Protein chains: 2
Amino acid sequence: MTRSHYCGQLNKSLDGQKITLCGWVHRRREHSRVLFLDIRDREGLAQVVFEPDNAVLFEQADKVRSEYVVKIHGKVRIRPEGTVNPNIKSGEVEVLGLSIEVLNAAETPPFPLDDYAEVGEETRLRYRFLDLRRPEMAEKLKLRARITSELRRYLDDTGFLDVETPILTRATPEGARDYLVPSRTHAGSFFALPQSPQLFKQLLMVSGIDRYYQIAKCFRDEDLRADRQPEFTQVDIETSFLGEAEIMDLSEQMIRRLFQKVLRVELGEFPRMTYNEAMRRFGSDKPDLRIPLELIDIADLLQSVEFKVFAGPANDPAGRVALLRVPGGAAMPRSQIDDYTRFVSGFGAKGLAWIKVNELAKGAEGLQSPIVKFIPEDRLQAILQRSGAQDGDILFFGADKAKVVCDALGALRVRIGHDFNLLTADWAPLWVVDFPMFEAGDDGRLAALHHPFTAPSCSAEALAENPLAALSRAYDIVLNGLELGGGSIRIHQRAMQQAVFSVLGIDQDEQQAKFGFLLDALKYGAPPHGGLALGLDRLVMLMSGADSIREVIAFPKTQSAACLMTQAPGTVDSTALRELHIRLREQPQAA
Amino acid sequence: MTRSHYCGQLNKSLDGQKITLCGWVHRRREHSRVLFLDIRDREGLAQVVFEPDNAVLFEQADKVRSEYVVKIHGKVRIRPEGTVNPNIKSGEVEVLGLSIEVLNAAETPPFPLDDYAEVGEETRLRYRFLDLRRPEMAEKLKLRARITSELRRYLDDTGFLDVETPILTRATPEGARDYLVPSRTHAGSFFALPQSPQLFKQLLMVSGIDRYYQIAKCFRDEDLRADRQPEFTQVDIETSFLGEAEIMDLSEQMIRRLFQKVLRVELGEFPRMTYNEAMRRFGSDKPDLRIPLELIDIADLLQSVEFKVFAGPANDPAGRVALLRVPGGAAMPRSQIDDYTRFVSGFGAKGLAWIKVNELAKGAEGLQSPIVKFIPEDRLQAILQRSGAQDGDILFFGADKAKVVCDALGALRVRIGHDFNLLTADWAPLWVVDFPMFEAGDDGRLAALHHPFTAPSCSAEALAENPLAALSRAYDIVLNGLELGGGSIRIHQRAMQQAVFSVLGIDQDEQQAKFGFLLDALKYGAPPHGGLALGLDRLVMLMSGADSIREVIAFPKTQSAACLMTQAPGTVDSTALRELHIRLREQPQAA
C-alpha cells in the first residue's frame, strides 16, 4: 500500500520516474480539459495531472473531491516553462497520473483547508483533526517534535538520565491550585496531578542520579486569563554538585545549540542581570531587551514639589516615580495617549502623565503637557536633562507604589516598542539573577518568590532575621520578554529547609505532615543540587513564531479548560462516583 | 565544585593524575592504620586511601560515616599487587586522598546500602530515595533511560513525529476503570486520565501526521492483582497507509535493533503464529516459546469412553480435552503433583489427572495413574502413541470448558518449564495474529477482544451476521511468555465503525454521545491506518532481568495504589472539594 515518496519530496532529479503518492486532495481544478489535483501529505503538496486522452482514468480522477484520501501512481515530469510554482517544494515538477485509487471519501469539511482565512478558533478546536491538516499547523507540530528531539539528544549526550516521575502524586504547594484525583482504594483520599516534578527530581538527586531530565507534563488548575493551559510541558532538569554558574552555562549552551540546529540562529552569550537592575531599568523581571527604551528614576528630583501626585510616591519608601522617554513620540495624537492611559490603568495606574517635548530651546513654552504647570521650572529642567529628551520626544510618567509603576511603565514600554517598531533584534535572551527569596502579600504574609525549596544566598540565621532582605540562588531565563523558564540551587540541608518553612509560617507539625519525606531525605545525605525548568510550549511558540501556545499544542483546551473536540470534561455515571466515595454537590453541567 | 571524574571512570590510564570525586561514602574500613573509604556515585565505586602520615587530613577523613556526601581531591595510583578488585570498574586503581570536604552529613540510613540483604519492599518503597542509591537500582534506571533514548532515536530517524496528547481528557471505553478528575470550571463534569492515547493517535492520522509516536503515560484504576501499576508507560505508535505486515516489520526491526544496541543480543526474525494455533499448542495467546512443551488434543479419542470427566468435555463443542507430556517427569513425588493440582485449581480446573509412564513395554501394568482404570486399553494406547510418551515421562490431563483447559494447562506448562529448567533460549519473541474480533461474556454479551477501533478482516455485513466468527487485523507481540504489546489496523470507515459499535450493543445515540468526534473524523477523509503500543515497563523489566515492573519504575505504587514515600493519596481540605463541586460520602481514610 505504501507510498514511494512524500509529495514534498518530488523534485527534478526524479524526472521520468514512476512514483506512488498517498494523501489528500487539497485542491482540484480543470483547465483546458485537463484535470489538476493538488495532493497533500505531511511533507507538502504535489500537482498531479490527468489528461483527457485516457477517458476511463480521467473519469475516475474527475470524481474525487476535496479531502478525499487517494493513492496515485504516476510519472514525474518537469513542469512546462512558466508554470513552475515557487511556493511549494515540489513546484518544479508535476506528476502525470497513471492510476488513482480512492482510499476514503470525504464530506465537504466545515471549513476550507486550501484557503484558510478567518475561521474562528472555536470551530478550529472543535474540528482540530481537520485544523491540523493545514500545512502551517503540521509544520508547527513537526517543529515541536524536532525541538524535543534535539533537546533530548543534547541531554542524553551530556550524561542526563531521562527518569519518569509520577503523575498520580501528592499535593505540593507550588502556588497554584492542584488538579485532584479521588482514590477508589483509599476512601476520602485524593491524588494530585503534579504542578511540576520538583520534589521528585530533588529526591532523585538524593538518590545519586546526579543528572536528571524529563520532558514532563505539569498541571495547574488556574483561571486561564493569560496564554496558559491546564496541562503544559516542561523541560525539567536537575543536577548535583554544580553551582548556579555551571547550571546556567549548561542550560544556555543547550538553548544556543537548539537555536543553531533548528533555526540556524546564533543567540550569542546571554547577558546576566540582577532582579533589581531589571526592575529599575525595565520595570519587569522579564524585560524584553529587543526594545531600547528604559525607565528613568526621578523620585529624588520630586520630593519637595507641591504636586502631590509626584511628591507622595517620591517620599514613600515603597513608592517609585519614573519616566519613559519615547523618541519621536511627540507626534502621537491625543487618542493614542488616551489609549495608553487606559492600557496602564489595567496595571493599576491611576493615570498617565505625559510631556510632549516640542521645542526644548523654548523652555516650558516648548513643552506640551497637562502637568508642567505643577512642576517648578528647575525641577522640570532637571527631569528633561536626566531623561535625555530631544525635540519631538514624549515622556510618560509613573508615580505610585513601586509595583504599580513597574507594572504599568514596564508594560507600556513593551507596548510602545511594538507599536513604534522599535525592536532592535530578532532574539534577546537574558538571565535574571539575585531575586528576593520572599515577597510580602497584602496581608503581610510572606510567600516564596520562586518556591520554598530554593536556596537563599545567606545563612539560616540571616534569613530568619530579615527574610525580605534575603536573596535567593535562583535564575530565570527570559527570551524576548517572556519567562522561558527558571531554576535555582535548592536547599540541601534540613535545618535551612526548616528555616524557610518557618519564615513561610508552616509550623513543625505541618512541615512533618506535608514534607516529612523531603525532610527525611535531607537528613540521609542529600548532595548540593540545583536545576532548571523550561516551558516547552512557550519555547516552541517563540521558535515557530506562533501567537499562542494553543497553536503549538496538538489538542489544547479553551480558556474555560474544556476540549471542544472530545467535549471533555464530561458527565460520569453515579456508580463511578460511588466507587470513588464522592458525590456531586449540584446537578451536572456539561462542558 | 564539579567533579573531574565519576568514580566508575577511574582506571589505569589515569595513574599519577590528580582528580576530584563527588559522592557518597559507601563503606569505610581501617586496616593497618590506613583508612579506606569506598566512594560511590552513579557510575560506580572508587577506593580512596588516607594514610596516617598526614594527621590533620586523616582526622578529617576519619570523621566521615556511611552515606556522608563528600568531595575528595586525590591522586590516582595503581593498586598494589594482590589488591585489585575485579568486582568494580575502577578496581585496578585507588585514590590517595589529598583533601576531603564534607558536603553534607548523614544519619545512619534505615537499611544498609552497602550490604543489601533482605530488606522488605515496604521499607524500600518508603525510603525509595535511599533504595535507588543501590548500584543495582541505579543500573536499572540507567538502562531504562538508555532504552527510551534508543527507541526515540530509531523512531525519530524513521520519520515518526513525537506528538503529545492530552492527559486531561474524556473517558473512553478501553475495558478498565478510568481515573477521574473533577472539573472546577464545569460543575459536575469530570476529566478522565487516558487509558491510552488511542483515539488521539487515530485523530492524528486523520490530521495527516502520517507517522506518530509518543512515550505516553497511561492510567488504569484496576485492582492490582498482577504486576500492574495505576500509571504505566507505553511506546505508542501509529502510521497511515501501511498494512499489518509493514507495521509488524517496522516494530520488529525497532525491537531487534534495541536488543542489538543495548544488550548485544540478536533476536532474529520473530515467528508469527495465529491465535488458534497458539491456543491449541500452548493454551495461551502469549506462549513462552522458550519452553518446549506443547498441549496435545485427545478429545477425538475419548468421545465414547464411559469416564464422564473426559467424555463430557470431549463431546462438548465448547469443551477441550488435552494432555501435557513432561519428559522425565515420572520421577516427581506425589507432593509435587499435589502442588500442581492446587496450582491448576487456581485457573478453574476441577482436578489434574495424570499418568506416570514407568515402562511402556509392560502396557497398562507399566503405567501408574489414578485414571487408567477408567480408560479402555485401545484408547490408552492411542493416547500414549499420540503423546509420544517415553519411559519416565508423566502426562497431565485437562478436560473441561476449553478456556479452563487452556488456562490451566497453559499455566502448568510454563510452571513446569521453569521448575524443570526446560528453557531452550534466553529470548523467544513471537507475533500472534488472527485474533477473534469479539469474545462472549458469561451473560452472552460481546466484548471487543482488543478494542472497538480494531478493524475486522471481513466485511461489515459478514461481521454483523456472525460476529463471533469474525477475525480482527490485530497483532500482539509476545516476549518470553509476556504480552509486550499489541496493535492493529484500525477502522477508517464510518460505516464499519458503526457496525462494530452495534455488535457491541452501543446504540446510535450512545455512539453519537461518546464517539461523535471519532465518527465525525471518519467522515472527513480518514486514511487507512494502524499502529502498535509496547509496554515500556515490561520491556525494561525483561531487558534488565528484574522480577517486577516496580523494580524499573523510579517511584512505583503499592498493590493498593499508594505511594509509601509521599503518602499519596492524601486528604484534602473541604474548600478544595467545594471548589470542585463534590463532597465526600464518608469520613476520609488516609493511605
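When I say that two strands pair, I mean that DSSP finds at least two bridges between them. With that settled, hello everyone, and one reminder before we look around: this is a predicted model.

Let's start with the sheet in chain A. Eight strands make up an open sheet in chain A, in the order E6-E9-E10-E22-E21-E20-E17-E11, and the pairing is mixed. At its edges sit strand E6 (161-162) and strand E11 (272-274) of chain A, each of which pairs on one side only. As a reminder, strands of a sheet pair through backbone hydrogen bonds, either parallel or antiparallel. Let me zoom in on one pair from that order. Strand E17 (residues 429-433) and strand E20 (residues 474-479) of chain A run antiparallel, with five bridges between them.

Staying with chain A, how is the chain divided into domains? The assignment gives domain 1 as 7-104, domain 2 as 139-272 + 431-498 + 527-552, and domain 3 as 291-424. Between domain 2 and domain 3 of chain A, the C-alpha centres are 36 Å apart.

Now over to chain B, and to strand E1. Strand E1 (residues 18-31) of chain B pairs with strand E4 (residues 69-78) of chain B, antiparallel, over seven bridges. In that pairing, B:Thr20 has B:His73 of E4(B) opposite. E1(B) also pairs with strand E2 (residues 34-41) of chain B, again in the antiparallel sense and over seven bridges. There, B:Arg29 has B:Phe36 in E2(B) as its bridge partner. E1(B) and E2(B) form a hairpin with two residues between them, and B:Ser32 in the turn has a positive phi of about 50°.

Most residues other than glycine have a negative phi, and most peptide bonds are trans. You'll find B:Glu67 in the loop between helix H1 (55-62) and E4 of chain B. And which residues are joined by a cis peptide bond in chain A? They are A:Ala568 and A:Pro569, with omega about 0°. A:Pro569 lies in the loop between helix H16 (536-544) and helix H17 (574-579) of chain A. In chain B, a cis peptide bond joins B:Ala568 and B:Pro569, with omega also about 0°. Watch the helix numbers there: the loop holding B:Pro569 runs between helix H15 (536-544) and helix H16 (574-579) of chain B.

On to charges. Over all chains, the count of salt bridges comes to 118. One of them joins B:Arg490 and B:Glu238, whose closest N and O atoms are 2.7 Å apart. This pair ties together distant parts of the chain, 252 residues apart: B:Arg490 is in the loop between strand E21 (482-489) and helix H13 (494-503) of chain B, while B:Glu238 is in strand E10 (residues 231-240).

How many residues of chain B are in contact with chain A? The count is 126, and they touch 126 residues of chain A. The two chains bury about 11,200 Å² between them, 57% of it on carbon and sulfur atoms. In chain B, the residues that lose the most area to chain A are B:Phe241, B:Tyr524 and B:Arg585, together 8% of what that side buries.

Between chain B and chain A we count 14 salt bridges. Take A:Arg184 with B:Asp221, where the closest N and O atoms are 3.2 Å apart. Across the interface, 67 residue pairs are in polar contact. Helix H4 (residues 135-157) of chain B gives the most to the side that touches chain A, with 10 residues. That side of chain B divides into 63 nonpolar, 29 polar and 34 charged residues.

One last stop, where the chains meet strand to strand. Strand E23 (residues 582-584) of chain A pairs with strand E23 (residues 582-584) of chain B in the antiparallel sense, over three bridges. Look for A:Arg583 there, whose bridge partner in E23(B) is B:Arg583.

How values were computed. Residues numbered from 1 in each chain as written. Chains lettered and ligands numbered in written order. Predicted model: local features only at pLDDT ≥ 70, side-chain atom pairs only at ≥ 80, totals over all residues. Heavy atoms only, no water. Contact = heavy atoms within 4.5 Å. Buried area = accessible area lost by both parts, 1.4 Å probe. Salt bridge = Lys/Arg side-chain N within 4 Å of Asp/Glu carboxyl O. Polar contact = N/O pair within 3.5 Å; in protein donor to acceptor, adjacent residues only side chain to side chain. Helix = DSSP H or I, 4+ residues; strand = E, 2+ residues; numbered from the N terminus. Nonpolar A, V, L, I, M, F, W, Y, C, P; charged D, E, K, R; others polar. Domains from an automatic or database assignment.
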